[in-house]
Amino acid sequence: MKTLILGGTREAREIAHIASGERGFDIVSSLAGRVRDPLLPEGPVRIGGFGGVEGLRKWLANNEIAVVIDATHPFAGTISANAAGAATDLGLPLLHVRRPGWSQQPGDRWIRVPDLDAAAQAISELGERIFLTIGRQGVAAFAGLTDRWFLIRAIDPPTGSLPPHHEVLLARGPFSPADEQRLLTQHRIDALVTKDSGGDQTAAKLDAARSAGLPVVVVDRPELPPGAVVVESVDAAWKWLREIASR
């Protein structure tokens, strides 16, 4: 059964690893190509965009894909919507794999916002030194804030306009709470901005902010398409894939 895994996450790599070792599964993983040195999954990999819903639909048909698993980042809303449109057009089974979001703990000072523009507005009263952990895309939403200093952490250099006062820190998780606490202290951070990505790779920043009593602006995830079939774990995704294969 030829399966396309839309990946770029640890969950996608784990699903590809499991399925590649099982008879009857022909796995192809797709990465968007937005990270210069991505962690590659096991098996065949294609890198780059598809060209919207129409391009993805044509690629699925031309490559005789039978099932699609969307295990992209929780904030990769465009490809998730495109996958839903293309799979519906072709009548293909589609599963969205989304790790659980982070849960607020006692002592957290979270401010939830719907998007990055709202996050930029929310920090107006939270201090002058802001830690941005939103990845390299979307930093432009803060470019007009000339009276704030930003520590911008990303795997690759940010794209688009940047705020005038900033420092870029290139790093890939996981990070430890102790390292995150040192980072907050060293840069005299007043507040943190993050996306609700979930998982344990970058959760230590939330522990550090809680210990320091710092406010955290948390950007909510985009909604999945209506009627989406969603699971939260690799085990559940593998169970779903095996059920599809047994039909």
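This is a predicted model: local features need pLDDT of at least 70, side-chain atom pairs count only at pLDDT 80 or more; totals for chains, interfaces and linings use all residues.
**View 1. Strand 11 sits inside the structure.** This view takes in strand 11, residues 215-219. Five of its five residues are buried, so the strand is largely enclosed by the rest of the structure. In a regular strand, side chains alternate between the two faces of the sheet. Here, P215, V217 and V219 point one way, while V216 and V218 point the other way, and all are buried.

**View 2. Strand 11 pairs with strand 6 and with strand 10.** Start with strand 6, residues 109-113, which pairs with strand 11 in the parallel sense over five bridges. To find your place, look for R112, whose bridge partner in strand 11 is V218. Now turn to strand 10, residues 191-195, which runs parallel to strand 11 and is joined to it by four bridges. Here V193 stands opposite V217 of strand 11. To get from strand 10 to strand 11, the chain passes through helix 6, residues 204-212, and this β-α-β crossover is right-handed.

View 3. Follow the strands in the order 3-2-1-4-5-12 and you will have traced the open sheet, in which the pairing is parallel. Strand 3 (45-47) and strand 12 (230-231) are at the edges with a single partner strand each, so one side of each has no neighbour in the sheet. Strand 1 (residues 2-6) and strand 2 (residues 26-31) run parallel and are joined by five bridges. A handy landmark is K2, which stands opposite D26 in strand 2. Helix 3, residues 77-90, packs on the sheet and touches strand 1, strand 4 (67-70) and strand 5 (94-97). The direction of helix 3 makes about 165° with that of strand 5. Helix 7 packs on the sheet as well, touching strand 1, strand 4, strand 5 and strand 12. Its direction makes about 170° with that of strand 4.

**View 4. Helix 1 crosses helix 7.** Here we meet helix 1, residues 10-20, and return to helix 7, residues 234-245. Their axes come within 10 Å and cross at roughly 45°. The two helices are therefore oblique to each other, and helix 1 passes helix 7 in a right-handed crossing. On the helix 1 side, the contact is made by E11, E14, I15, I18 and A19. On the helix 7 side, look for V234, A237, W238 and L241.

Note on methods:
Residues are numbered from 1 along each chain as its sequence is written. Side-chain values use heavy atoms; hydrogens and water are left out. Buried means under 20% relative accessible area, exposed over 50%, partly exposed in between (1.4 Å probe, protein chains only). Two strands pair if DSSP finds at least two bridges between them. A crossover is right-handed if, with the strands pointing away from the viewer, the path from the first strand over the helix to the second runs clockwise. Axes are lines fitted to C-alpha atoms, for helices over the stretch in contact, and angles run from 0 to 180 degrees between N-to-C directions. Angles under 35 degrees count as roughly parallel, over 145 as roughly antiparallel, 65 to 115 as roughly perpendicular and the rest as oblique. A crossing is left-handed if the near helix is turned anticlockwise from the far one by less than a right angle, and right-handed if clockwise. Contact means heavy atoms within 4.5 Å.
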